[in-house]
Amino acid sequence: MTAPRPLTPPRVEWRLEHAPTDDGWDLALYRYEGGRTDVPPVILCSGFACTHHFFDFDDRYSLARYLARRGFDAWALELRGRGASLPARASARRTWTFDDLASLDFPAAVRHVAARTGRRPAWVGHSMGGLLGYAALGSDPSRCGDIAGLVTMASPTVQVPAGSHLVKLVGEGLLATSSRHLPQRRALTTLWLLARSSPRMLEVGMNTSNVDRRAFGRALRRFICDVPAAKLRQFVRWSRTGSFGSADGRIDYRSAMGRITVPALIAAGAGDRLAPPDSVRPAYDAIASEHKSYREFSLANGDAADYGHIDLVFGKRAPDEVFAAVASWLEALPKEG
C-alpha cells in the first residue's frame, strides 16, 4: 500500500495594483484575494528596506498567502522607492524620510484598499512597518477611523543596545558614502555571506536554531533594497539619542501614541535582540486602545522556540504559530456596520 501524497495547499494568485500618493508616487500593492467579506482586508507592510517579498517569499514563508487561504483579502505593500513603487511624475521627490512614509504612503495605501474593497483595512507591520502604524495614527488620530485594526510585529519604540550598536555599525558606515541613495542591499547581503560562518553574528537578527538559514539567505537577496540617506540618517539619530520622532524634531511619535484608539495586537519574540520584549511591550501601555493585546512568542508561552526578530515571519514554525495567531486575532475584530 502506497503512502498518501501530502496535500498541496491551494494555489494563491495575486495581481499588482498601484496607489497614488499626494506627492506623486505610485505605491505597489500586491493583492491576494481570499473572498471573505466578514473580515477586514489586510495591508502588510514590511520593515526598513524590504520589498513585498518579505511577506511573500515562497509557498510556506508567506503571510500574504496564508491570510488569503484563510479568506482574507491581503495586500502586500511596497513603500516608495521599493520594488514596483515608482514616481508617477517628474516632480516627485527622489529622497524621503520616515515621516514621508507616515504622512503620505500610509494614508495612500489605506485609501486605495478601502476604495477597492468597500471596507476599512487592518494594518499589519513588521519592525519599521509597525512603527509606521504608530507614527501615522498617533500624529493624526483622525486616521484611526480609517482602519479596522493594527498589528505590529517586533516593532521597538524604545532603542536597545544590541539594535542601536548594529544601526550605528551598518548605518554610519553606509552614511560615510556620498551617494543620495545608499547601497544597503549590497551591504546587508555581503554581511550575510560573512556571517554565515559565524552564527553568533546572526543572533542579533534571529534565533539561529529557529530559522532555515538557507531559505532566509535566498529570501534576503530577493526582498532587500537600497534606502535614501535621509531616512537612514533619521534612524541613526534615533539610535544615538533614544528618540522616536520626526526628522525636523516637531513630532514626538512616542508621546503621540497615547492618541491611538484602534484595536491593536502587539507581538514580540522572546529571543529578539534587535527588538526585545522590553522595547516592544511599552507600546501596549502607551496606546489608548480599549481593545488591545500583547503576545510574546516564546517557549514559556508554549511556542516551539524563543522567536528572534525575523523569526516572526521566517521561523520554522511561524506559519503554524505566528501567522495563525495574527489571523485569529484579525478574525475576532468587531464586524463592520
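At what angle do helix H2 (residues 98-117) and helix H8 (residues 229-241) pack, and how far apart are their axes? The legends below start with that pair, in a model that is predicted.

**View 1. Helix H2 packed on helix H8.** The two helices pack at an angle of about 110°, and their axes sit 8 Å apart. An angle of 65 to 115 degrees counts as roughly perpendicular, so H2 and H8 are roughly perpendicular to each other.

**View 2. Helix H2 packed on helix H3.** Here H2 meets another partner, helix H3 (residues 128-139), at an angle of about 70°. The axes of H2 and H3 are 9 Å apart. That angle makes H2 roughly perpendicular to H3, and the crossing of the two is right-handed. H2 brings Phe98, Leu101, Ala102 and Phe106 to this contact. From H3 come Met128, Leu131, Leu132, Gly133, Ala135, Ala136 and Leu137. By class, the contact of H2 with H3 has 10 nonpolar residues, 1 polar residue and no charged ones.

**View 3. Asp105, an acidic side chain in helix H2.** Is Asp105 buried or exposed? Asp105 belongs to helix H2, and its relative accessible area is 0%. Buried means under 20% relative accessible area, so Asp105 counts as buried. Setting aside neighbours within four places in sequence, what is Asp105 in contact with? The contacts are Thr21, Leu27, Leu79, Arg80 and Asp100.

**View 4. The whole chain, for orientation.** Zooming out, the chain has 13 helices and 11 strands. It runs to 337 residues, and 55% of them count as buried. Take the contacts between residues at least 6 apart in sequence: 77% of these join residues at least 24 apart. The accessible surface of the chain is about 14,300 Å², with 52% of it belonging to carbon and sulfur atoms.

How values were computed:
Residues numbered from 1 in each chain as written. Predicted model: local features only at pLDDT ≥ 70, side-chain atom pairs only at ≥ 80, totals over all residues. Heavy atoms only, no water. Axes fitted to C-alpha atoms, helices over the stretch in contact; angles between N-to-C directions. Helix = DSSP H or I, 4+ residues; strand = E, 2+ residues; numbered from the N terminus. Parallel < 35°, antiparallel > 145°, perpendicular 65-115°, else oblique. Buried < 20%, exposed > 50% of the residue type's maximum accessible area, 1.4 Å probe, protein only. Contact = heavy atoms within 4.5 Å. Areas by Shrake-Rupley, 256 points an atom, 1.4 Å probe, with all protein chains shown as cover. Left-handed = near helix turned anticlockwise from the far one by under 90°. Nonpolar A, V, L, I, M, F, W, Y, C, P; charged D, E, K, R; others polar.
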